[in-house]
Amino acid sequence: MKSTFKMVSTTLGLLLAAGLMIAPASAAETRTIKVGIGLNEQSPQYTGLLKFKELVEKESGGRFKVDLFANAQLGDDTKMMTSLRAGTLEMTCPSTAPIAGLDKKWMVFDLPFLFPNEEVADKVLDGPFGQKYLESLPSQGIIGMAFWENGFRQLTNSVREIKSPADLKGLKIRTMENPVHLATFRGMGANPTPMPFSEIFSALQQKTIDGQENPSTTNFLQKYYEVQKYTTLSNHFYSPFVFMYSKRLWDRLSAEDQALILKAAKESAVYQRQVNRETMGKAVDGMEKAGMTVTRLTPEQHNAFVEATKTIAQQFEADFGADNLKTIRDEIAKAGNK
Ligand code: KDG
């Protein structure tokens, strides 16, 4: 009996040493969740991720460790989404704009002047319409956890003050890689150039583009004031983020761990939006102090931009679906009247 036990234990030991058997994961083994983003460590998006990391590590009693990678260390948004779909990266948090490359219906969120304010955006994104979109992502190999906030987007450029659509004429403006963004700026007479987020600063510095558009917090934290003279607070797009998980890796988690991670993603969404909004005003002040000309449009000037972009929705109806456009507009009207 003893000799048999000794033989079996010796054999097992040899197999383990040769790596031919994977030792059963001990319950205490820590699993790592890697999260990649394009913004830097000062961004409200990264601050939101720190909250997510704190919640997951605390609630899991250390069974999960969350590693954060900012500044596009793991690639730009499209590359990181590809990594999620391949199961080589757990999480990322892109704008909705590049998701349209996977499923055209997401273009509806990038329509100019769609949401009137953040409060209505929150209600629609967290309501049945937004949740229906998140629930469609598993077909793309992605689990949509929650909408976070990139924010209302503002123009910057190095050539002239922009007070009307006509002032955009001929300017080379970097846009996200999204057909609605390209058509919107082309329709106002600009010369739009799609480009990954991480390439913007050097393109502005080398003057291969005249301007770009991002929320003021991004414009300030990326130090665009060093290479841009003008910013116009146009609010031309509202850009949501989608905090997402790789479906391949999600499916390997227990239901209990899935619930824990989802709860933390939703709780940190509320926190991230709050931090994002608190920083916008300070970012505009910072750019003004750094010497940028900040143009605050009058209602009439703002309406001229709305008027100049009002046919965009019709141009893309076939892509995102007339029914989706009608539904989101109805949801916005309802949310605005509450
Ligand atoms: O990871 C953050 C980026 O996805 C986001 O800032 C992208 O707004 C963006 C842009 O202009 O590319």
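Where is glutamate 161 found? Glutamate 161 sits in the loop between β5 (154-157) and β6 (172-175). The legends below start with the whole protein and then turn to single sites.

**Figure 1. Overview of the predicted model.** This is a predicted model: local features need pLDDT of at least 70, side-chain atom pairs count only at pLDDT 80 or more, and totals for chains, interfaces and linings use all residues. Residues are numbered from 1 along each chain as its sequence is written, and side-chain values use heavy atoms, with hydrogens and water left out. The protein has 15 helices and eleven strands. Helices (H or I, at least four residues) and strands (E, at least two) are DSSP runs, numbered from the N terminus. Along its principal axes the C-alpha trace spans about 95 × 45 × 30 Å. Of the 338 residues in the protein, 51% are buried. Buried means under 20% relative accessible area, exposed over 50%, and partly exposed in between (1.4 Å probe, protein chains only).

**Figure 2. Residues around the ligand.** The ligand has 13 residues around it, and Gly38, Asp77, Asn150, Arg153 and Arg174 come nearest. A residue is near a molecule if one of its heavy atoms lies within 4 Å of it. The shell divides into five nonpolar, five polar and three charged residues. Here Ala, Val, Leu, Ile, Met, Phe, Trp, Tyr, Cys and Pro count as nonpolar, Asp, Glu, Lys and Arg as charged, and the others, Gly among them, as polar.

Figure 3. A polar backbone atom of glycine 38 is 2.7 Å from an oxygen atom of the ligand. Arginine 153 places a polar side-chain atom 2.8 Å from a ligand oxygen. In the side chain of asparagine 214, an N or O atom is 3.0 Å from an oxygen atom of the ligand. The ligand has 330 Å² of accessible area on its own, and the protein covers 99% of that area. Accessible areas come from the Shrake-Rupley method with a 1.4 Å probe; for residues, only the protein chains shown count as cover. A polar contact is a pair of N or O atoms within 3.5 Å; within protein, one must be able to donate a hydrogen and the other to accept it, and residues adjacent in sequence count only if both atoms are side-chain atoms.

**Figure 4. Two glutamates in loops.** Glutamate 161 is partly exposed, at 29% relative accessible area. Glutamate 90 lies in the loop between α3 (77-86) and β3 (91-92). Glutamate 90 counts as buried because its relative accessibility is 12%. The side chain of glutamate 90 reaches the backbone nitrogen of lysine 34 at 3.0 Å.

Figure 5. Alanine 72 is not a glycine, yet its phi is positive, near 55 degrees. The loop between β2 (64-69) and α3 holds alanine 72. Alanine 72 is buried, with a relative accessible area of 17%. Lysine 207, also not a glycine, has a positive phi of about 60 degrees. Lysine 207 belongs to the loop between α8 (200-205) and β8 (211-214). Lysine 207 counts as exposed because its relative accessibility is 55%.

**Figure 6. Glycine 291 in its loop.** Glycine 291 lies between α11 (255-289) and β11 (293-295). At 47% relative accessibility, glycine 291 is partly exposed. Glycine 291 and lysine 53 are 238 residues apart in sequence, and 37 Å apart in space, C-alpha to C-alpha.
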